[in-house]
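Welcome to this set of exercises with worked solutions. Keep the sequence and the 3D view open, and try each task before you read on.

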Amino acid sequence: MSSGFRNSACTRSRPLTRALGHRRVQHTAIAIAFIVTACLLPPASLRADASLPIFDAHVHYSEDAWPHYDSRAILALLAKAGVVHALVSSTPDEGTVRLYKADAKRIVPILRPYRSRTDMLSWYRDPAVLAYVERRLAQGYYRGIGEFHLFDAADAETPQIRRLTELAVERGIILHVHSGAAPIRALYAINPELQILWAHAGVDASPALIGELLDHYPTLSTELSLRASDIAPGGQLAPAWRELLLRHSSRFMIGTDTWTPGRWPHYPELVREHRQWLAQLPPRAARQIAYENAARHFVGRSDRRPPQ
């Protein structure tokens, strides 16, 4: 081969070599970008399933939220978070009534026995509160009583609480109880036929204690508001919680607890925190806890009369 031919061939091949080299650089850059992106994303098991319908079993729309959020704004936040039903109680009850009138399909009303926040510390021994509860229940559309606070077992030993348990059993409605384990045991000692929804899974109760009560009381359910960081510290489902949630997958519900107006701006994020650990459960258990358990208790019962 002549030197002229070789030089001519090399000259013609340089653009091709440069093009191939440029493509290799591009492919390498794309591969690196893909790897970096994959590393930054959480594992598939930790990604929240935004398609899972949620029944939020702990919502308040109390008076301090009214100046900041009207009914339409609250309903829009529920919809944005994928919450198809919400169990709502409020102080005073007017907040629940407002939401229920605005969307009776989405809102499930329960009656909080607090006419104002001052009732929280004495309601369980106040005959006037009991009379108020009986009048409101007579309207016929409440699916439960609560959320209410009992701070120790002695709080459950008043005539007012005994009558409250009678009302709940007579009407087949649930009691939404914020307490430790001792008041739950005291309530069941009064009437073992009660249906109780234990708020916050006992606030700080351990998985072992929660499991003990669920094992012992077959009509006890619990909702998990304020517990996402315990259930999945750092976003990873804790082994003890996983075992408990799977063992009693028919007894847990999701909750957010909008006890202060400051929680409403973060409402979609509060729901997303639950979605993240739900995504780490088998799909059947996740559906039960996210929606089906609460729906079994609260959806499908006829609404008799509209709120007054």
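**Exercise 1.** Which residue in S8 is the bridge partner of Glu 223?

First, a word on the model: it is predicted, so local features need pLDDT of at least 70 and side-chain atom pairs count only at pLDDT 80 or more, while totals for chains, interfaces and linings use all residues. Residues are numbered from 1 along each chain as its sequence is written, and side-chain values use heavy atoms, with hydrogens and water left out.

Step 1: Find the strands, which are DSSP runs of E with at least two residues, just as helices are runs of H or I with at least four, numbered from the N terminus. Strand S7 covers residues 220–223 and pairs with S8 in the parallel sense over two bridges; to pair, two strands need at least two bridges found by DSSP.

Step 2: Read off the partner: Glu 223 is bridged to Met 253 in S8.

Step 3: Step back to the whole sheet. Five strands make an open, parallel sheet in the order S4-S5-S6-S7-S8. Strands S4 (144–149) and S8 (252–253) are at the edges with a single partner strand each, so one side of each has no neighbour in the sheet.

**Exercise 2.** Find which residues Asn 293 touches, leaving out those up to four places away in sequence.

Step 1: Locate Asn 293 in helix H11, residues 283–298.

Step 2: Check its surroundings. Asn 293 is buried, at a relative accessible area of 1% (buried means under 20%, exposed over 50%, partly exposed in between, with a 1.4 Å probe and protein chains only).

Step 3: List the contacts (heavy atoms within 4.5 Å): Ser 249, Ser 250, Arg 251, Phe 252, Met 253 and Gln 288.

**Exercise 3.** Which residues of helix H2 are buried, and where do they lie around the helix axis?

Step 1: In H2 (residues 71–80), the buried residues are Ser 71, Ile 74, Leu 75, Leu 77 and Leu 78.

Step 2: Look down the axis: these buried residues fall within an arc of 155 degrees, so they line one face of H2. The arc is taken from the directions from the helix axis to the C-beta atoms.

Step 3: Turn to the face away from the buried side, where you will find the exposed residues Arg 72 and Lys 80.

Step 4: See what the buried residues of H2 pack against: strand S2 (83–89), helix H3 (94–102), strand S3 (107–109) and helix H10 (267–278).

Step 5: Finish just after H2, where Gly 82 has a positive phi of about 75 degrees.
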